[in-house]
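Please look over the model shown here before reading the points that follow. They go from terms and overall form to single residues.

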Amino acid sequence: MQSIHVLLDTVDKVKTLVGILSPIEGDFDLVSDRYVVDAKSILGIFSLDISKPLRLDMHNAASAERVLPLIEMYKA
């Protein structure tokens with residue numbers, strides 16, 4: 001598993017991230033304190049406090065390698 005911190009402080013950033021992750025195989029979670037949601041779920045993400053950085057956990061190494069260049073702009 002690989003993790004990075006991302007800042008998704010606008011609705012557009014959330015929608016773009018979900019659009020990037022949705023077609024990619026593998027599990028992606030966003031973690032805020034003790035809450036964990038599916039990073040491919042817009043509703044799940046909006047249940048978190050998006051005003052602060054979130055941890056994106058990528059559970060598949062191959063998927064992580066594919067995703068990291070696409071989400072470089074969201075790194076916190």
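1. A residue is called buried under 20% relative accessible area, exposed over 50%, and partly exposed in between, using a 1.4 Å probe and protein chains only. By that rule Asp33 is exposed, as its relative accessible area is 63%.

2. The model is predicted, so local features need pLDDT of at least 70 and side-chain atom pairs count only at pLDDT 80 or more, while totals for chains, interfaces and linings use all residues. Residues are numbered from 1 along each chain as its sequence is written, and side-chain values use heavy atoms, with hydrogens and water left out.

3. The protein chain has three helices and four strands, in the sequence order β-α-β-β-α-β-α. Helices (H or I, at least four residues) and strands (E, at least two) are DSSP runs, numbered from the N terminus.

4. On overall form, the radius of gyration of the protein chain is 11 Å, which agrees with the value near 11 Å for a compact globule of 76 residues. That radius is taken over C-alpha atoms, and the globule rule is 2.2 Å times the number of residues to the power 0.38. The C-alpha trace spans about 30 × 25 × 20 Å along its principal axes.

5. Of the 76 residues in the protein chain, 39% are buried. The accessible surface comes to about 4,400 Å², and carbon and sulfur atoms hold 53% of that surface; such areas come from the Shrake-Rupley method with a 1.4 Å probe, and for residues only the protein chains shown count as cover.

6. Contact means heavy atoms within 4.5 Å. Among contacts between residues at least 6 apart in sequence, 64% join residues at least 24 apart.

7. Which residues of helix 1 are buried? In this helix (residues 11-21) they are Val14, Leu17, Val18, Ile20 and Leu21. Seen down the helix axis, these residues fall within an arc of 160°, so they line one face of helix 1; the arc is that of the directions from the helix axis to the C-beta atoms. An α-helix has 3.6 residues a turn, so residues three or four places apart point the same way. The buried residues of helix 1 pack against strand 2 (28-32), helix 2 (42-46), strand 4 (54-58) and helix 3 (61-67).

8. Phe46 lies in helix 2 and is partly exposed, at 36% relative accessible area. Leaving aside neighbours within four places in sequence, Phe46 is in contact with Val11 and Val14. Phe46 and Val11 are 35 residues apart along the chain, and their C-alpha atoms are separated by 8.8 Å.

9. Leu7 sits in the loop between strand 1 (2-6) and helix 1 and counts as partly exposed at 26% relative accessibility. Beyond neighbours within four places in sequence, the contacts of Leu7 include Lys13, Pro53, Tyr74 and Ala76. Leu7 and Ala76 are 69 residues apart in sequence, yet their C-alpha atoms are 5.3 Å apart in space.

10. Ser32 is in strand 2 and counts as buried at 6% relative accessibility. Neighbours within four places in sequence aside, Ser32 is in contact with Leu48, Lys52 and Leu54.

11. Asp33 deserves a check of its backbone. This residue is in the loop between strand 2 and strand 3 (35-38) and has a positive phi of about 55° although it is not a glycine. Most residues other than glycine have a negative phi.
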